[in-house]
Amino acid sequence: MEVEDHYALLLGINSPWEISSVDLKLDQHRVDVVIEYSDDGGACPDCGVICPKHDDRKSRTWRHLDTMQFSTYLHCQLPRVRCKAHGAKSLEAPWAGKNSRFTLLFEAFAVRVLTAARSVEEARKLLGLNWHQVEAIKSRAVERGLKRREEVAIHFIGIDEKQFRSGHRYISSLVDLNGGRVLDVVEERTEAACNTLISRALTTSQQAQVTAVALDMWKAYANAVTEKLPQADIVHDRFHISQHLNEAVDQVRRKENKQLVEQGDERLKGSKFLWLTNEENQKEKHAETFERLKNADLKVARAWAIKELFRDFWSYGDADSAEQHYEKWYAWAIRSQLDPIKKKAKMIKTHLANILTYFKHRISNAAAEGLNSKIQTVKANARGYRSFEGFRNSILFYCGGLEMAP
Ligand SMILES: [Zn+2]
């Protein structure tokens with residue numbers, strides 16, 4: 001068997017495509033394989049009618065999987081056929097996707113490496129590609145994956161905002177909570193953006209099948225959901241609510257610390273995380289300090305206790321008992337004389353109906369917690385994204401649960 005035949009087998013190249021030469025450049029660690037088209041006709045790519053060959057296009061190059069550490073390139077002058085109905089048409093290379101500079105096998109391998117590597121940079125180096133080539137492979141992979149997505153019923157979704165780059169640029173994401181995958185992301189966090197997001201992520205019939213949506217208490221999102229998904233319950237996300245309460249505790253602490261320091265009392269210095277960490281997760285070495293602080297006559301200790309009491313809300317078995325607990329909690333919070341706490345208590349009161357829906361559906365955006373950390377990784381890698389499109393591609397590539405092989 002000639003080396004050309006070996007390569008034909010390796011590359012899966014069949015008649016009328018033939019390997020005419022294999023050029024091994026030892027010093028450059030490189031193999032160049034030239035492929036020719038041996039037939040004098042072929043099927044028109046538009047209508048499939050067999051037509052006579054017209055001419056050859058100029059030679060093109062595709063990167064293939066390395067063979068024994070040798071970079072392997074395919075070269076071919078793709079033939080054109082002359083169709084009576086469609087004119088001169090180039091035949092497509094069976095070993096590559098349209099407009100790709102890589103063979104299908106190479107792209108399939110690159111997608112695997114990219115999904116397995118810890119960072120795009122690591123994958124890029126392993127594959128010997130530049131940034132643009134990697135982005136093009138990811139973008140084609142996402143396109144294939146989105147086309148293959150099946151229209152299944154998705155009952156529980158989460159809509160959430162994420163910061164994109166530094167500053168105050170936001171994106172909105174729509175997550176399939178049971179499937180643990182991001183369905184789509186859009187720029188901004190306005191009502192219009194959220195409308196667009198819902199239309200892009202879900203078909204009209206999928207929209208009609210949504211049962212409940214986990215959301216922060218963000219008016220723009222709630223408006224969009226009410227308009228686009230009128231049958232769906234809104235469930236204000238419990239982790240956003242605890243974030244709000246933590247914020248209030250922190251505001252109380254900062255203000256009180258300032259006042260105390262002016263009087264020479266430094267008890268609250270460096271105590272920020274003690275108040276924000278759940279008590280059961282507190283490190284042992286801090287236990288004694290925290291025990292003393294939380295029992296002291298401090299405003300922040302009161303704010304903290306109020307926040308802690310609200311945590312019990314979520315452990316009730318039904319909405320009625322939870323609401324009774326809330327009533328007691330609210331009475332305490334609103335009389336606390338702590339403005340940040342009172343403000344959050346009022347916010348919770350306004351949204352109570354859509355917080356109690358939690359006991360019917362038990363969903364939250366943190367159900368997709370693994371997903372959120374994946375998105376964080378994409379964000380950490382996002383410094384290089386000049387455009388939102390590149391960022392969207394990356395999120396869908398890593399978090400979209402797509403079937404992306406060529
Ligand atoms: Zn034709």
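Modeller: Two strands are taken to pair if DSSP finds at least two bridges between them, and the structure discussed here is a predicted model.

Biologist: In the hairpin of S5 and S6, which residue takes a positive phi?

Modeller: Six bridges join S5 to S6, and the two strands run antiparallel, with Trp62 standing opposite Leu74 of S6. The hairpin has two residues between its strands, and the residue that takes a positive phi, near 50°, is Met68.

Biologist: What is the order of the strands in the open sheet with mixed pairing?

Modeller: S1 and strand S2 (residues 30-37) pair in the antiparallel sense over eight bridges, whereas S2 and S6 pair in the parallel sense over six bridges. Taken as an open sheet of four strands with mixed pairing, the order is S1-S2-S6-S5.

Biologist: Which strands stand at the edges of that sheet, and what is its average twist from one strand to the next?

Modeller: The edge strands each pair on one side only, and they are strand S1 (17-25) and strand S5 (60-67). From one strand to the next, the twist averages 25°.

Biologist: How many of the seven residues of strand S6 are buried?

Modeller: Strand S6 covers residues 70-76 and is described as mostly covered. The cut-off used here is that buried means under 20% relative accessible area, and the number of residues in S6 that count as buried is five.

Biologist: In the open sheet with antiparallel pairing, which strands stand at the edges, and by how much are neighbouring strands turned against each other on average?

Modeller: This second open sheet of four strands has the order S3-S4-S7-S8. Strand S3 (41-43) and strand S8 (87-90) stand at its edges, each with a single partner strand, so one side of each is left without a neighbour in the sheet. Neighbouring strands of the sheet are turned against each other, with direction ignored, by an average of 45°.

Biologist: Through how many residues does the hairpin join S7 to S8?

Modeller: Strand S7 (residues 79-83) and S8 run antiparallel and are joined by four bridges. Within this pairing Arg80 stands opposite Ser90, and Val81 stands opposite Lys89. The number of residues through which the hairpin joins the two strands is three.

Biologist: Are helices H11 and H12 roughly parallel or roughly antiparallel to each other?

Modeller: Residues in the contact include Leu309 and Phe310 of H11 together with Trp329 and Trp332 of H12, and the contact residues divide into eight nonpolar, one polar and one charged. Helix H11 (residues 299-312) packs against helix H12 (residues 319-334) with their axes 10 Å apart and at an angle of about 170°. Angles over 145 degrees count as roughly antiparallel, and H11 and H12 are therefore roughly antiparallel.

Biologist: How many charged residues take part in the contact of H2 with H4?

Modeller: The axes of helix H2 (residues 104-116) and helix H4 (residues 131-148) come within 10 Å and cross at roughly 95°, and the two helices are therefore roughly perpendicular to each other. Residues that meet here include Phe106 and Glu107 in H2 and Lys138, Arg140 and Arg144 in H4. The contact holds seven nonpolar residues and no polar ones, while the number of charged residues is four.

Biologist: Is Asn195 buried or exposed?

Modeller: Asn195 is found in helix H5 (residues 191-201), and, leaving aside residues up to four places away in sequence, Asn195 touches Ala224, Glu227 and Lys228. Its relative accessibility is 16%, and because the cut-off lies at 20%, Asn195 counts as buried.

Biologist: How far away is the nearest cysteine sulfur from that of Cys51?

Modeller: A search of the whole structure finds zero disulfides, where such a pair would require two cysteine sulfur atoms within 2.5 Å. Cys51 is buried with a relative accessible area of 5%, and Cys44 is buried too, with 2%. For Cys51, which is in no disulfide, the nearest cysteine sulfur belongs to Cys83, at a distance of 4.2 Å.

Methods. Residues are numbered from 1 along each chain as its sequence is written. This is a predicted model: local features need pLDDT of at least 70, side-chain atom pairs count only at pLDDT 80 or more; totals for chains, interfaces and linings use all residues. Side-chain values use heavy atoms; hydrogens and water are left out. Axes are lines fitted to C-alpha atoms, for helices over the stretch in contact, and angles run from 0 to 180 degrees between N-to-C directions. Angles under 35 degrees count as roughly parallel, over 145 as roughly antiparallel, 65 to 115 as roughly perpendicular and the rest as oblique. Contact means heavy atoms within 4.5 Å. Ala, Val, Leu, Ile, Met, Phe, Trp, Tyr, Cys and Pro count as nonpolar, Asp, Glu, Lys and Arg as charged, and the others, Gly among them, as polar. Buried means under 20% relative accessible area, exposed over 50%, partly exposed in between (1.4 Å probe, protein chains only).
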